[in-house]
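Me: I have a new structure to look at. Could you take me through it?

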Amino acid sequence: MLNFVTIKEVKEVLGNWCKLERQRHQLTQNELAEILGMSRYTIQKFETGNNATLDTALKIAHHFDALDPLYKALKQQNEQNQTDSLY
């Protein structure tokens, strides 16, 4: 049986991660939104998996020092998926 990850599942995981990090840093949605220059509504929607735009996700990852590990994981994935040319 094949297991597929859906976009909805990724949005939910990102939202949950954001909420946990925000709470760990003792920030309200409003405080995080203000720090990032976005609305509380954007943070609220992101945390519920309803507005996981790439820009929002990267801003949040950067704020919580997760941008570098994310970049490295994606770069490693890209390197593993490269195939050598036969020419």
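**Charges, helices and overall form**

Reply: K8 and E12 sit four residues apart, about one turn of the helix, and both belong to helix 1 (residues 7–24). Helices here are DSSP runs of H or I with at least four residues, strands are runs of E with at least two, and both are numbered from the N terminus. This is a predicted model: local features need pLDDT of at least 70, side-chain atom pairs count only at pLDDT 80 or more, and totals for chains, interfaces and linings use all residues. Residues are numbered from 1 along each chain as its sequence is written, and side-chain values use heavy atoms, with hydrogens and water left out.

Me: What do K8 and E12 form, and how far apart are the closest N and O atoms?
Reply: They form a salt bridge, with the closest N and O atoms 3.8 Å apart. A salt bridge is a side-chain nitrogen of Lys or Arg within 4 Å of a carboxyl oxygen of Asp or Glu.

Me: Is K8 buried or exposed?
Reply: K8 is exposed, at a relative accessible area of 56%, while E12 is partly exposed at 37%. Buried means under 20% relative accessible area, exposed over 50%, and partly exposed in between (1.4 Å probe, protein chains only).

Me: How far apart are K8 and R24 in space?
Reply: From C-alpha to C-alpha, the distance is 24 Å, and the two are 16 residues apart in sequence.

Me: How many salt bridges does the count come to?
Reply: The count comes to five salt bridges. One of them joins E47 and R22, at 2.6 Å from N to O. E47 lies in helix 3 (residues 40–47) and R22 in helix 1, so this pair ties together parts that are 25 residues apart in sequence.

Me: Are E47 and R22 buried or exposed?
Reply: Both residues are buried.

Me: Which residue does K72 form a salt bridge with?
Reply: K72 pairs with D68, and their closest N and O atoms are 3.1 Å apart. The two are four residues apart in helix 5 (residues 67–81), a separation of about one helical turn. D68 is partly exposed, with a relative accessible area of 44%.

Me: How many positive and negative side chains are there?
Reply: The protein has 10 positive and 11 negative side chains, and the centres of the two sets lie 6 Å apart. Lys and Arg count as positive and Asp and Glu as negative, without His or the chain ends. Each charge is placed at NZ of Lys, CZ of Arg, CG of Asp or CD of Glu.

Me: Changing topic, which residues does T42 touch?
Reply: T42 touches N51 and T56, leaving aside residues up to four places away in sequence. A contact means heavy atoms within 4.5 Å. T42 is found in helix 3 and is buried, with a relative accessible area of 16%.

Me: And the whole protein: how many helices and strands?
Reply: The protein has five helices and zero strands. Its radius of gyration is 16 Å, well over the 12 Å that the globule rule gives for 87 residues, so the protein is more spread out than a compact globule. That radius is taken over C-alpha atoms, and the globule rule is 2.2 Å times the number of residues to the power 0.38.

Me: What does the C-alpha trace span along its principal axes?
Reply: The span is about 55 × 30 × 20 Å.

Me: What share of the residues counts as buried?
Reply: Of the 87 residues, 25% count as buried.
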